[in-house]
Amino acid sequence: MAFAVEAKDIRMTYGEGRARVEVLKGVDLSVRPGEVVAVMGPSGSGKTTLLNILGLVTEPTGGRLVLGGQDIYGGRFRPNLQRLRRERLGFIFQFANLIPFLTARENVLLSLDLLGLGGRAARQRADELLGSLGVAERAHLLPEKLSGGERQRVAIARALANDPKLILADEPTASLDAERGLSVMRLLRRLADEHGTAVLVVTHDTRMLGEVTGVIRLEDGAVQAEDARLVPLTKAPKEIGISS
Ligand SMILES: Nc1ncnc2c1ncn2[C@@H]1O[C@H](COP(=O)(O)OP(=O)(O)O)[C@@H](O)[C@H]1O
Ligand SMILES: [Mg+2]
């Protein structure tokens, strides 16, 4: 099976001279459709940097990146990154970052609008997305009227607007209590199982690992341990070198 994303020898250096910091020193990873891979590692180990590179937000200083079979960096041609991001990727962050003066539905509609979908079809799709995340009856509310878990569900609905092939989630459960965090992880797992979405999720919480198919541990700028094989649902992945 083709990889949803494949990274080879990804390097990232910030600054120059004495301020030079080598954050990623040659990261290799690959995620297949339907896999949910957790990225763990100490604070400052480059997890967010790595996600931003895989999400085509940051250009790495070196290495090869292939997204859905298409060469991004390191190939002969440079594809239209903005378009790839809009059409193929979904982003979820620690905080929902909803637009405060728009309702839940309008936040999702905004994403659909960016994809060129408007009118009744867009409203239908927005309600369908919110419904599939269990927040249909909250659609008319402003973010401030929603709980943290509900906001995160709306943010996920928004991230799914383009039916992404790859979801990049940076500590999506960190602002939630254990139960709500677990329910977000289950949602991600369900997407992977039912739609073949590939998911890369940064988390510090080992309780979330029951829902993932693999774990990557980032340390000293490289992947120190990896077990990204598919494992059956509800079975915890084999963990290597995870301390907390
Ligand atoms: N834009 C930037 N400019 C300079 N240094 C950065 C930048 N972004 C991140 N860093 C540095 O890169 C390292 C990794 O950061 P980050 O990717 O945010 O790690 P993590 O998400 O694992 O906590 C840190 O030392 C951070 O200070
Ligand atoms: Mg981070």
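Tutor: Happy to! Let us begin with helix H3, where Ala104, Arg105, Asn107, Val108, Leu109, Ser111 and Leu112 are buried. Here a residue is buried if 20 or more other C-beta atoms lie within 10 Å of its own, exposed if 12 or fewer, and partly exposed in between, with C-beta atoms placed from the backbone. Helices (H or I, at least four residues) and strands (E, at least two) are DSSP runs, numbered from the N terminus.

Before going on, a word on the model and its labels. This is a predicted model, in which local features need pLDDT of at least 70 and side-chain atom pairs count only at pLDDT 80 or more, while totals for chains, interfaces and linings use all residues. Residues are numbered from 1 along each chain as its sequence is written, and chains are lettered from A and ligands numbered from 1 in the order in which they are written.

Now, what do the buried residues of H3 pack against? Their partners are H4 and helix H5 (148-159). Two residues count as in contact if their C-beta atoms, placed from the backbone, lie within 7 Å.

Two packed helices are described by the angle between their axes and the distance between the axes. The axes are lines fitted to C-alpha atoms, for helices over the stretch in contact, and angles run from 0 to 180 degrees between N-to-C directions.

Take H4 to start with. H3 (residues 104-114) and H4 (residues 119-132) pack at an angle of about 120 degrees, and their axes are 9 Å apart. That makes H3 oblique to H4; angles under 35 degrees count as roughly parallel, over 145 as roughly antiparallel, 65 to 115 as roughly perpendicular and the rest as oblique. The crossing of H3 and H4 is right-handed, a word used if the near helix is turned clockwise from the far one by less than a right angle, with left-handed for anticlockwise. On the H3 side, the contact is made by Ala104, Arg105, Val108, Leu109, Leu112 and Asp113. H4 brings Ala122, Arg125, Ala126, Leu129 and Leu130. By class, this contact of H3 with H4 has eight nonpolar, no polar and three charged residues. For these classes, Ala, Val, Leu, Ile, Met, Phe, Trp, Tyr, Cys and Pro count as nonpolar, Asp, Glu, Lys and Arg as charged, and the others, Gly among them, as polar.

Next comes H5. The axes of H3 and H5 come within 8 Å and cross at roughly 20 degrees, and therefore H3 and H5 are roughly parallel to each other. H3 passes H5 in a right-handed crossing. Ala104, Asn107, Val108 and Ser111 in H3 meet Val154, Ala157 and Arg158 in H5. The residues of this contact of H3 with H5 divide into four nonpolar, two polar and one charged.

What follows H3? After the helix comes Gly116, whose phi is positive, near 90 degrees. Most residues other than glycine have a negative phi, and most peptide bonds are trans.

Leu56, in the loop between H1 and strand E4 (62-67), has a positive phi near 65 degrees and is not a glycine. Leu56 is buried, because 22 other C-beta atoms lie within 10 Å. Asp220, in the loop between strand E9 (214-219) and strand E10 (222-227), also has a positive phi, about 50 degrees, although it is not a glycine. Asp220 counts as exposed because it has 11 C-beta neighbours inside 10 Å.
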